[in-house]
Amino acid sequence: MKKYDLYLFDFDGTLLDTEPALAYVFKTGYEHFGIHFDEKDTLEFARMPLEQGYKRLGGDMSKFIAFCDYIHDVLDHHEALINNHLFPDTKEFFELLKKSGVRAGIVTSNKVSHVKEVLEAMGLPYDVFDIFIGNQECHRFKPLPDPILEALKRGNYKGDLSKVVYVGDGINDTLSANAAGVDAVLIDRVDAFPDSDKYVRLHSLTELFD
């Protein structure tokens, strides 16, 4: 696998299996606002901007800000936190990342404080990352390039973009990387996506260091 100077990662579904936690969050959040949410759609909704999902289910846009605030509160509920799980490759990946000494960051549509709280609760060192971009650091989301470009700016990265990679688990992640001019890696643990010249498809995070 090609070596990079800077590795940027999506969080939900990439570093951790957060689908069970997000199922609780979405169901609780949407139903608080009188909107039915089917838990089988969790993964699909996790891979799209929150506004897109809200509109899709017919949410009242005059209440969208309140909805976002409520969702962010529910993310930190005990029931949500205990439903985050490690992927089989997660611990080994963190060990490899720490040993490699490369620069790394997290670029997510989640809240950075929540990401750090989850990693700490799972016993994973978040100090292996020196760049964190979330929904409070950037207000335009994937598939736009803005979150990745903001990470490069805040990380004071001045190098060649061909030596930067963004690693995610959905097509919006690859589209964001493509638009930002950096390489894209799609982590596809269950063979859900086809091969493409727009991204490198891997089955495990540990393959990044092969």
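In β4, Tyr 166 is the bridge partner of Leu 8. The model is predicted: local features need pLDDT of at least 70, side-chain atom pairs count only at pLDDT 80 or more, and totals for chains, interfaces and linings use all residues. Residues are numbered from 1 along each chain as its sequence is written, and side-chain values use heavy atoms, with hydrogens and water left out.

Leu 8 belongs to strand β1 (residues 6-9). Strands (E, at least two residues) and helices (H or I, at least four) are DSSP runs, numbered from the N terminus. Strands pair if DSSP finds at least two bridges between them. β1 pairs with β4 (residues 164-168) in the parallel sense, over 4 bridges. β1 also pairs with β2 (residues 103-107), in the parallel sense and over 4 bridges. Here Tyr 7 stands opposite Ala 104 of β2. Leu 6 and Leu 8 point one way from β1, while Tyr 7 and Phe 9 point the other way. All four are buried. Buried means under 20% relative accessible area, exposed over 50%, and partly exposed in between (1.4 Å probe, protein chains only).

Thr 18 is found in the loop between β1 and α1. Thr 18 counts as buried because its relative accessibility is 2%. Contact is defined as heavy atoms within 4.5 Å. Leaving aside neighbours within four places in sequence, Thr 18 is in contact with Phe 11, Asp 12, Gly 13 and Asn 84.

Helix α1 covers residues 19-32. The expected span of a helix is 1.5 Å times one less than its number of residues. For the 14 residues of α1 this gives 20 Å, and the end C-alpha atoms are 20 Å apart, which agrees. Buried residues of α1 are Ala 21, Leu 22, Ala 23, Val 25, Phe 26, Gly 29 and Tyr 30. These pack against α2 (42-46), α3 (50-56), α4 (64-75) and α5 (78-81). Gly 34 follows α1 and has a positive phi, near 75 degrees.

The structure holds 17 salt bridges. A salt bridge is a side-chain nitrogen of Lys or Arg within 4 Å of a carboxyl oxygen of Asp or Glu. One of them joins Glu 44 and Arg 56, with the closest N and O atoms 2.7 Å apart. This pair links distant parts of the chain: Glu 44 lies in α2 and Arg 56 in α3, 12 residues apart. Glu 44 is partly exposed, at 37% relative accessibility. Arg 56 is also partly exposed, at 47%.

Arg 154 forms a salt bridge with Glu 150, the closest N and O atoms being 2.7 Å apart. The two are 4 residues apart in helix α8 (residues 146-154), so about one helical turn separates them. Glu 150 counts as buried, at 18% relative accessibility. Asp 195 and Arg 201 meet in a salt bridge of 2.9 Å, N to O. Asp 195 is exposed, with a relative accessible area of 61%. A network of salt bridges links Asp 188, Asp 191, Asp 195 and Arg 201.

The largest pocket is lined by 46 residues. Asp 12, Ala 46, Arg 47, Met 48 and Ser 109 lie nearest its centre. α1, α2, α3, α4 and α9 (171-180) each supply at least two lining residues. The largest share, 7 residues, comes from α4.  On a 1 Å grid over the protein atoms alone, a pocket is an open set of points where a 1.4 Å probe fits, with protein on both sides within 12 Å along at least five of seven lines; lining residues have an atom within 4 Å of a point.
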